[in-house]
Amino acid sequence: MLNRIKELFTGSSETAGKNVGRTSDVKVAAAALMVEAARMDEDFGTEERQKIFQLLEMHFGLSREESGDLLDLAEEKAGESSQLFGFTRLLKESYSLEERVGVMEMLWEVAYADGELHHFEASLMRRIAGLLYVPDHDNGNARKKALARLGLTG
């Protein structure tokens with residue numbers, strides 16, 4: 001069963017089409033970046049985990065079980081890679097600017113899920129925005145939208 005789930009999200013099945021594999025890879029990349037954002041303050045807590053579940057369900061239309069499986073896979077992938085470039089490159093190549101700004105909004109929500117922004121999280125967000133080619137103005141707006149959704153002020 002776990003292998004089938006991995007095939008679903010990584011597109012590694014022989015029968016998976018290129019577009020399905022690419023879409024799944026993008027989901028894994030976005031989820032892995034959320035995991036990285038959650039880990040930056042060295043406290044991947046319940047608030048951050050719940051926020052990632054919620055974002056995966058809402059943004060990608062996944063069930064709770066699928067979101068959990070994707071999060072598990074994303075944690076594995078993020079643990080295997082010490083570089084953000086592979087994840088961000090895939091998103092940059094696959095997503096429009098508007099979609100990349102949406103990814104930044106999700107990442108900001110994860111970074112602020114515990115109610116505060118650690119300086120390591122702020123640094124990561126700047127790096128990811130740069131790697132995704134999201135202009136500062138758009139990244140700032142994404143941050144403001146995330147804060148508003150969370151009921152926080154920045």
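User: What should the 17 residues of helix α4 span, and how far apart are its end C-alpha atoms?
Analyst: In this predicted model, helix α4 covers residues 64-80. At 1.5 Å a residue, its 17 residues should span 24 Å, and the end C-alpha atoms are 24 Å apart, which agrees.

User: Which residues of α4 are buried?
Analyst: The buried residues of α4 are Ser-67, Gly-68, Asp-69, Leu-70, Leu-71, Leu-73, Ala-74, Glu-75 and Ala-78.

User: And how much of the chain counts as buried?
Analyst: Of the chain's 154 residues, 45% count as buried.

User: How many helices and strands are there?
Analyst: The chain has eight helices and zero strands. Read from the N terminus, the elements run α-α-α-α-α-α-α-α.

User: Turning to packing, how do α6 and α8 cross?
Analyst: Two packed helices are described by the angle between their axes and the distance between the axes. For helix α6 (residues 97-111) and helix α8 (residues 136-150), the axes come within 8 Å and cross at roughly 45°. That makes α6 oblique to α8.

User: Is that crossing left-handed or right-handed?
Analyst: The crossing of α6 and α8 is right-handed.

User: Which residues meet there?
Analyst: From α6, the residues are Leu-97, Val-101, Met-104, Glu-105, Trp-108 and Glu-109. They meet Asp-138, Asn-139, Ala-142, Arg-143, Lys-145, Ala-146, Arg-149 and Leu-150 in α8. The residues of this contact divide into seven nonpolar, one polar and six charged.

User: Now the loops. Where does Leu-117 lie?
Analyst: Leu-117 is in the loop between α6 and α7. With a relative accessible area of 28%, Leu-117 is partly exposed.

User: What does Leu-117 contact, leaving aside its neighbours within four places in sequence?
Analyst: With those neighbours set aside, Leu-117 is in contact with Trp-108, Ala-111, Tyr-112 and Ala-122. Trp-108 also belongs to the α6 residues that meet α8.

User: How far is Leu-117 from Met-40?
Analyst: Their C-alpha atoms are separated by 9.9 Å, while the two residues are 77 residues apart along the chain.

User: What share of the contacts with a separation of 6 or more comes from residues 24 or more positions apart?
Analyst: Such residues account for 71% of those contacts in the chain.

User: Where is Tyr-133, and is it buried or exposed?
Analyst: Tyr-133 lies in the loop between α7 (119-131) and α8. Its relative accessible area is 56%, so Tyr-133 is exposed.

Terms used: Residues numbered from 1 in each chain as written. Predicted model: local features only at pLDDT ≥ 70, side-chain atom pairs only at ≥ 80, totals over all residues. Heavy atoms only, no water. Axes fitted to C-alpha atoms, helices over the stretch in contact; angles between N-to-C directions. Helix = DSSP H or I, 4+ residues; strand = E, 2+ residues; numbered from the N terminus. Parallel < 35°, antiparallel > 145°, perpendicular 65-115°, else oblique. Left-handed = near helix turned anticlockwise from the far one by under 90°. Contact = heavy atoms within 4.5 Å. Nonpolar A, V, L, I, M, F, W, Y, C, P; charged D, E, K, R; others polar. Expected span 1.5 Å × (residues − 1). Buried < 20%, exposed > 50% of the residue type's maximum accessible area, 1.4 Å probe, protein only.
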